[in-house]
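Welcome! Try each task yourself before reading its solution.

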Amino acid sequence: MTAENKAIARRIYEDLWNSGNLNVADEIFVNAEGVKKYIATFRAAFPDIWHTVEDLIAEGDQIVARFTARGTHQGAWKGIAPTGKQVTYTGMTILQIVNGKVAKHHTEWDALRLMQQIGAVPT
């Protein structure tokens with residue numbers, strides 16, 4: 001079960017975020033619509049976004065993924081015009097997997113660092 005749950009978590013980053021295949025959300029999330037909307041909006045601003053999973057830890061139905069993301073600000077983000085600047089930020093996601101799907105998820109990521117890198121807030 002742990003290996004299967006880790007594989008589901010990896011798909012979030014590899015198939016959904018990195019490849020941009022939003023249909024994957026329907027396969028792996030209980031409630032996929034909000035996830036699809038958020039990722040589509042983010043990828044419109046950072047179309048080359050790439051997540052690297054640094055750590056993946058599982059215990060029971062809980063998975064913790066620590067990641068690093070890199071991309072280029074090529075579209076509007078939160079009202080900020082594209083800057084062409086490269087960004088790198090880190091984050092962690094905690095997932096609860098029930099019956100082979102993500103039932104709950106919570107992500108903490110360094111949004112401040114991203115905003116600083118695109119010049120939206122001072123460093």
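Let us begin with a term: a residue is buried if its relative accessible area is under 20%, exposed if it is over 50%, and partly exposed in between, using a 1.4 Å probe and protein chains only. The model is a predicted one, so local features need pLDDT of at least 70 and side-chain atom pairs count only at pLDDT 80 or more, while totals for chains, interfaces and linings use all residues. Residues are numbered from 1 along each chain as its sequence is written, and side-chain values use heavy atoms, with hydrogens and water left out.

**Exercise 1. Find lysine 36 and aspartate 26, and work out what joins them and where each one lies.**

Step 1. A salt bridge is a side-chain nitrogen of Lys or Arg within 4 Å of a carboxyl oxygen of Asp or Glu. Lysine 36 and aspartate 26 form one, with 3.0 Å between the closest N and O atoms.

Step 2. Helices are DSSP runs of H or I with at least four residues, strands are runs of E with at least two, and both are numbered from the N terminus. Because lysine 36 lies in helix 3 and aspartate 26 in helix 2, the pair ties together parts 10 residues apart in sequence.

Step 3. Aspartate 26 is partly exposed at 34% relative accessibility, whereas lysine 36 is buried at 17%.

**Exercise 2. How many salt bridges does the structure hold, and which residues form a network through shared partners?**

Step 1. The count of salt bridges is five.

Step 2. One of them joins the side chains of aspartate 55 and arginine 66, at 2.7 Å from N to O. Aspartate 55 belongs to strand 1 (residues 50-59) and arginine 66 to strand 2 (residues 62-72), 11 residues apart. Both count as partly exposed, aspartate 55 at 35% and arginine 66 at 34%.

Step 3. The network consists of Arg11, Asp15 and Glu27, joined by salt bridges that share partners. Within this group, arginine 11 and glutamate 27 bring their closest N and O atoms to 2.9 Å. This link runs from helix 1 to helix 2 (residues 23-28), across 16 residues.

**Exercise 3. Describe how the rings of tryptophan 17 and tyrosine 38 are arranged.**

Step 1. Rings of Phe, Tyr and Trp (its six-membered ring) pair if their centres lie within 6.5 Å; planes under 30 degrees apart count as stacked, over 60 as edge-to-face and the rest as tilted. The count by this rule is 11 aromatic pairs.

Step 2. For tryptophan 17 and tyrosine 38, the centres are 6.3 Å apart and the planes make 80 degrees, an edge-to-face pair.

Step 3. Tryptophan 17 sits in helix 1 (residues 2-18) and tyrosine 38 in helix 3 (residues 33-45), 21 residues apart. Tryptophan 17 is buried at 10%, but tyrosine 38 is partly exposed at 36%.

**Exercise 4. Are phenylalanine 42 and tyrosine 89 buried or exposed, and how do their rings pair?**

Step 1. Their ring centres lie 6.3 Å apart with the planes at 65 degrees, so this pair is edge-to-face.

Step 2. Phenylalanine 42 is in helix 3 and tyrosine 89 in strand 3 (residues 86-98), so parts 47 residues apart in sequence are tied together.

Step 3. Both residues are buried.
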